[in-house]
Amino acid sequence: MKKITISHVTKVEGHASLTLKIRKDRVEKCQLEAIEGARFFEGLLEGRPCIEAHEITSRICGICSSSHAVCSLMAVENALKVRVSKQTKLLRELLLIGERIRSHATHLYFFVLPDYMGYESAIEMASSNRKKIDDALALITLGNRIVEIVGGREIHPFTCVLGGFTNVPKKEEFDTLLEQLKKSRGVAAETAGLFEDLHYPEFERNREHLCLKEKSKYPSMGGRIYSDRGFNVRQGDYHKYLEEYIEPYATAKFAVKKGKEYSVGALARMDDCYKLLSDGAKKLNKKIKISSDNPFHNNFAQALEIMHWIETAIGILQKNKFKKEEIKDIKIRKGRGIAVIEAPRGMLFYDYHIGKDGNITKANIITPTCQNLRSMELDIKAYVEVLLKEKAGKEKLVLEIEKLIRAHDPCFSCSTHFLKVKWL
Amino acid sequence: MGCQLSIMYQAELFGILEKIELTAFPVIKGKNQKGPFDIIFLEGTIVSRKDLKIVKELRKKTRVLVAIGSCATDGCVPQIKNFMKNVEKSVYNKTGHLGAIDPVPLDRHVKVDYYIRGCPVDKIEFLNFVKDVLLGKDFKTYEKPVCHECNLQENNCLLEQGKACLGPITFGDCSVMCPHLGFRCIGCRGPYTDANLNKFFIVLEEVGLTIEEAKKMMNKFAGLKISDMIEEGIKQGVVDKRYSMKTKGQ
């Protein structure tokens, strides 16, 4: 019996460890553990005014703070039956787009690329490959700029409130942003080229991919929960199919669909909705056939999405005029509100119960990483067995496992504070 | 998790890194040394017994400890748990394996030499700190409340418009970004040292908040530190007892 432990997986968001027990060529135990302490976010929301819930939940994670803020606002609005304007929806879409560009670019250049280029870190990579870091920073700065213009600052946007925005950017700000977006297509194209040419391991494991699906739009904020295996349900019915459970070794929760694992994220969105990508993004896929069963291809899917979101933002800014607008009146009432959006790493669920005093009585949040954890464990197990058959040494084994974990783009800080609700 | 990564989002930092030996940074680096260190920048709140042990060990290994972001300086949103009962049970069925303790900022358990405030931390402020270290200057934190700069910007006062803004009791140096765009200050940089908390409660009551609502507003980012200030004020007879904001343990 061999035991392999990676006590601190580096170059991922949050803290995680992995324990493997191996007998001959079989992995007998595979435990991926978020070692981050639990912060009990859902519990903290109980008894707090629903109007400020998003101010608390955006603090679950700075990297995805726009997604948490927007999804929380939508869930409260659904409970209070507030209908926001088309402009508010577009501004929220822009917030999410900025965040997705920033998140993907950070993940690809800072976490993934050093492994493939043979550097221990992006900082080491910067000393001999400065252009790569400049490209990364150009895309990250673009994403940051979108969130800052629309939301007031780069991380934890604050102008987005219940019923609208406290500030609508001026025309000149959007004009400059539009120019910056157009210019960034070059870097986005180079990024896609770079990540199409990486030598991804040829590893496949069959899986189900879930994402939001709308008729004419790539997954973002609306639509039904969908998979190409015939799963197709209303957002509000998620709790009839998806459940969370805890493992005694972890502070994170694991989400499964009717007891079986599934995956979410860029590769899932692309698997289910490739046709809806922008034309410019589709054109960048020249050489490899994206395999939805190869988790390493998630990296290339993210690179294509960067171009897709840049072109989507260009479209939004070209087709719309933004003006000052009153924030919708909020009437407090008792109710339950559910909202689902696509965060950079996949579907994010918010489910609030609100009492007649406007305070939250119960909250359930399911993050993308919770949904991917089970798949990640099964991937690691299957991939390690492939590597063992190829007689891989321990050093190679550890590097490859880390590459696989990073390919999923987990955020362990987000995965660790989720309410145990036994639905079904 | 935002603070650590956001400080990397600036081209200038990569130039400065050449002048520094960055020996450990697990979110970015694959190879990390175990110390001792000259300076440690620490992000996050202490939420478990394990965290506490790690923080104490790190303190022993470093000459200078810098708390970055609201979590490390004030406990941020997780510290709300100190003012609530039964939070753990409502999130997890079983909680024994978590080793959870009520979240506290770093300075409850170890000496903190410098604070870089805010949620998130201001990346330029971080850069300025590093530059000051390289120049051998002592980093000075801004010692005025948000209102000071807000007045200079000639923004319309949100409190005067009846909105519950925490500007008067919160450390400034944030470019007043929130009030400037019509959003009330929610106190993410922690309580201003000389804040008149008794008067501020009266102001919040005047804009229509109940005392309970006012306390909830004030315990969101730095409740523990504000609570300490209030209890001290009550002891000295300068804060009304009705405003007592004790933690569940007190």
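Predicted model: local features only at pLDDT ≥ 70, side-chain atom pairs only at ≥ 80, totals over all residues.

Reader: What angle and axis distance go with α4(A) and α12(A)?

Author: The angle is about 160°, and the axes of α4(A) and helix α12 of chain A, which covers residues 394-407, lie 10 Å apart. Since angles over 145 degrees count as roughly antiparallel, α4(A) and α12(A) are therefore roughly antiparallel to each other.

Reader: And which residues in α4(A) and α12(A) meet?

Author: From α4(A) there are His107(A), Phe111(A), Val112(A), Asp115(A) and Tyr116(A), and they meet Leu399(A), Lys403(A), Arg406(A) and Ala407(A) of α12(A). Sorted by class, that contact of α4(A) with α12(A) has 5 nonpolar residues, 1 polar residue and 3 charged ones.

Reader: Ok, moving along chain A, how do α7(A) and α10(A) pack?

Author: Helix α7 of chain A, residues 171-196, packs against helix α10 of chain A, residues 298-319, at an angle of about 160°, and their axes are 9 Å apart. The two helices α7(A) and α10(A) are therefore roughly antiparallel to each other, and the crossing in which α7(A) passes α10(A) is left-handed. In the contact of α7(A) with α10(A), 17 residues are nonpolar, while 4 are polar and 4 are charged.

Reader: Where does α6(A) come in, and how does it cross α7(A)?

Author: Helix α6 of chain A spans residues 130-151, and its axis comes within 10 Å of the axis of α7(A), with the two crossing at roughly 145°. The crossing of α6(A) and α7(A) is left-handed.

Reader: Which residues of α6(A) and α7(A) are in that contact?

Author: On the α6(A) side they include Lys131(A), Asp135(A), Leu139(A), Arg145(A) and Ile149(A), and on the α7(A) side they include Glu173(A), Phe174(A), Gln180(A), Val187(A) and Leu194(A). The class counts for the contact of α6(A) with α7(A) are 11 nonpolar, 4 polar and 6 charged residues.

Reader: Which side chain pairs with Asp134(A) in a salt bridge?

Author: That partner is Arg130(A), whose side chain meets the one of Asp134(A) at 3.1 Å, taken from N to O. Both Asp134(A) and Arg130(A) belong to helix α6 of chain A, and they sit 4 residues apart, which is about one turn of the helix. Over all chains, the structure holds 54 salt bridges.

Reader: How many salt bridges are there between chain A and chain B?

Author: The count between chain A and chain B is 6, and one salt bridge joins the side chains of Glu154(A) and Lys123(B), again at 3.1 Å from N to O.

Reader: How much area do chain A and chain B bury between them?

Author: About 4900 Å² is buried between chain A and chain B, and 68% of that is on carbon and sulfur atoms. Chain A gives 63 residues to the contact, and chain B gives 52 residues.

Technical notes
Residues numbered from 1 in each chain as written. Chains lettered and ligands numbered in written order. Heavy atoms only, no water. Axes fitted to C-alpha atoms, helices over the stretch in contact; angles between N-to-C directions. Parallel < 35°, antiparallel > 145°, perpendicular 65-115°, else oblique. Left-handed = near helix turned anticlockwise from the far one by under 90°. Nonpolar A, V, L, I, M, F, W, Y, C, P; charged D, E, K, R; others polar. Contact = heavy atoms within 4.5 Å. Buried area = accessible area lost by both parts, 1.4 Å probe. Salt bridge = Lys/Arg side-chain N within 4 Å of Asp/Glu carboxyl O.
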